[in-house]
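Please look over the chain shown here. The report below covers its helices, its sheet and a few single residues.

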Amino acid sequence: MSRRMDRINVLLRQEISQVLVSELKDPRLASLVSVTRVDTSPDLRLARVYVSVLGDSEDKTNTLVALASASGYVRKCLGRSVSFRTAPAVEFRLDDAIEQGSELLKLIDEVSPGTEA
């Protein structure tokens, strides 16, 4: 991936995070939603936004439904804040890498010999 695409992805991640925090007031959104990464297509027409949601599976499902319904609004906000010819379409996906990492750490702690104090 080129440096330009990296900079675009970081910019979009920051802008989308700002929109989620300050502008979306959907009650279906979980209390803690964070944008972990953005992957933009080379033609800048589509941005896949990976979000991490704190909560159970129902919270995650409701949050993804709310974000999918707000994707047009997020795109409109991006059009105002970034200077692209056209704002990319926004597609939200669940990123469970943080949860998988914590599960892996738990398993490592269970297997590794502990130092008893």
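In this predicted model, the buried residues of α3 pack against α1, α2 and β3. Those buried residues are Ser71, Val74, Cys77 and Leu78. Viewed along the axis of α3, they fall within an arc of 120°, so they line one face of the helix. Lys76 and Arg80 sit on the other side of α3 and are exposed.

Lys60, Thr63, Ala66 and Leu67 are its buried residues. Their arc around the axis is only 130°, which puts them on the same side of α2. Ser57 and Glu58, on the other side of α2, are exposed. What do the buried residues of α2 pack against? Their partners are α1 (3–22), β1 (33–40), β2 (46–53), α3 (71–81), β3 (89–94) and α4 (97–111).

Three strands make an open sheet in the order β1-β2-β3, and the pairing is mixed. β1 and β3 stand at the edges with a single partner strand each, so one side of each has no neighbour in the sheet. Neighbouring strands are turned by 30° against each other on average, direction ignored.

How do β1 and β2 run, parallel or antiparallel? They run antiparallel, joined by seven bridges. The two strands form a hairpin with five residues between them. By contrast, β2 and β3 pair in the parallel sense, over six bridges.

Arg37 stands opposite Tyr50 in β2. Leu46 stands opposite Ala89 in β3. Val51 stands opposite Leu94 in β3.

How enclosed is β2? Six of its eight residues are buried, so β2 is largely enclosed by the rest of the structure.

**Single residues**

The table gives their relative accessibility.

| Residue | Relative accessibility | Class |
|---|---|---|
| Thr40 | 11% | buried |
| Leu44 | 13% | buried |
| Lys60 | 13% | buried |
| Leu94 | 35% | partly exposed |

Why does Leu94 count as partly exposed? Buried needs a value under 20% and exposed one over 50%, so 35% places Leu94 in between.

Thr40 lies in strand β1. Its side chain makes a polar contact of 2.5 Å with the side chain of Asn9. Leaving aside neighbours within four places in sequence, Thr40 is in contact with Met5, Ile8, Asn9, Leu12, Leu46 and Ala47. Asn9 is therefore both a contact of Thr40 and its polar partner, given the 3.5 Å limit for a polar contact. Leu46, another contact of Thr40, is the residue opposite Ala89.

Leu44 is found in the loop between β1 and β2. Its phi is near 60°, a positive value in a residue other than glycine. Most residues other than glycine have a negative phi. At 13% relative accessibility, Leu44 is also buried.

Lys60 belongs to helix α2. At 13% relative accessibility it counts as buried. Not counting residues up to four places away in sequence, Lys60 touches Val53, Gly55, Leu94 and Glu99.

Leu94 lies in strand β3. With residues up to four places away in sequence left out, Leu94 touches Tyr50, Val51, Val53, Lys60 and Leu64. One of these, Val51, is also the residue that stands opposite Leu94. Another, Lys60, lies in α2. How far from Leu94 is Val19? The two are 75 residues apart in sequence and 18 Å apart in space, C-alpha to C-alpha.

How values were computed:
Residues numbered from 1 in each chain as written. Predicted model: local features only at pLDDT ≥ 70, side-chain atom pairs only at ≥ 80, totals over all residues. Heavy atoms only, no water. Buried < 20%, exposed > 50% of the residue type's maximum accessible area, 1.4 Å probe, protein only. Helix = DSSP H or I, 4+ residues; strand = E, 2+ residues; numbered from the N terminus. Arc of directions from axis to C-beta. Contact = heavy atoms within 4.5 Å. Pairing = 2+ DSSP bridges. Axes fitted to C-alpha atoms, helices over the stretch in contact; angles between N-to-C directions. Polar contact = N/O pair within 3.5 Å; in protein donor to acceptor, adjacent residues only side chain to side chain.
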